[in-house]
Amino acid sequence: MEIQRAAYAEEARLIGFGDIPPLRESAVDVRNLTDLDWRGAHVDGVLAAIIGWRSVGPDEIEIDRLAVHPGPSTRGWASRSNA
């Protein structure tokens, strides 16, 4: 939740719009997203990024969540193809 809130708060600040739905979600709301597969990436042993997706076809996925902590150690992670 910390990564999601920090990432989406930064996005809201950048676009000047604070009503982004993930900012209103609780930990229970996110836990109830049981149709998603989740992965995380660590920097120096600390969780720094998350992604949640679902399969929508044999060779197709739909990304529901992508959040990267906006701290300096994660700059560029959302655009990395090998992360």
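R65 and D64 form a salt bridge, their closest N and O atoms being 2.9 Å apart. The term covers a side-chain nitrogen of Lys or Arg within 4 Å of a carboxyl oxygen of Asp or Glu. R65 is buried, because its relative accessible area is 7%. Salt bridges that share partners join E25, D35, R54, E62, D64 and R65 into one network. The cut-offs for burial are under 20% relative accessible area for buried, over 50% for exposed, and partly exposed in between (1.4 Å probe, protein chains only).

This is a predicted model: local features need pLDDT of at least 70, side-chain atom pairs count only at pLDDT 80 or more, and totals for chains, interfaces and linings use all residues. Residues are numbered from 1 along each chain as its sequence is written, and side-chain values use heavy atoms, with hydrogens and water left out.

## D64 and R54 across two strands

D64 also meets R54 in a salt bridge, at 3.5 Å from N to O. This pair links distant parts of the chain. D64 sits in strand 3 (residues 60-68), R54 in strand 2 (residues 46-57), and the two are 10 residues apart. Helices (H or I, at least four residues) and strands (E, at least two) are DSSP runs, numbered from the N terminus.

D64 is partly exposed, because its relative accessible area is 29%. R54 has 17% relative accessibility, so R54 counts as buried.

## A salt bridge within helix 1

The whole structure holds seven salt bridges. One of them joins E10 to R13, with the closest N and O atoms 2.7 Å apart. Both residues lie in helix 1. They are three residues apart, about one turn of the helix. Side chains of opposite charge can pair when their charged atoms come close.

E10 counts as partly exposed, because its relative accessibility is 27%. R13 has a relative accessible area of 56%, so R13 is exposed.

## The nonpolar core

The largest nonpolar core has seven residues: I3, A7, Y8, A12, I20, I50 and A67. Helix 1 gives the most to this core, with four residues. Such a core is a set of buried Ala, Val, Leu, Ile, Met, Phe, Trp, Tyr and Cys residues joined through side-chain atoms within 4.5 Å.

A67 touches I3, Q4, A7, Y8, A48, A49 and I50, leaving aside residues up to four places away in sequence. Contact here means heavy atoms within 4.5 Å.

## P22 in helix 2

P22 belongs to helix 2 (residues 21-24). P22 counts as buried, because its relative accessibility is 10%. Beyond residues up to four places away in sequence, P22 touches Q4, Y8 and R65. P22 and R5 are 17 residues apart in sequence, and their C-alpha atoms are 7.4 Å apart.

## A nonpolar surface patch

L14, I15 and F17 form a nonpolar patch on the surface. Together they have about 330 Å² of accessible area, from the Shrake-Rupley method with a 1.4 Å probe; for residues, only the protein chains shown count as cover. Patch residues have over 30% relative accessible area and no salt bridge; like charges are joined within 9 Å, nonpolar side chains (Val, Leu, Ile, Met, Phe, Trp, Tyr) within 5 Å.

L14 lies in helix 1 (residues 2-15). L14 is exposed, because its relative accessible area is 60%.

Strand 1 (residues 37-43) and strand 2 run antiparallel, joined by seven bridges. Two strands pair if DSSP finds at least two bridges between them. V43 stands opposite V46 in strand 2.

The two strands form a hairpin with two residues between them. In the turn, D44 has a positive phi of about 50 degrees.
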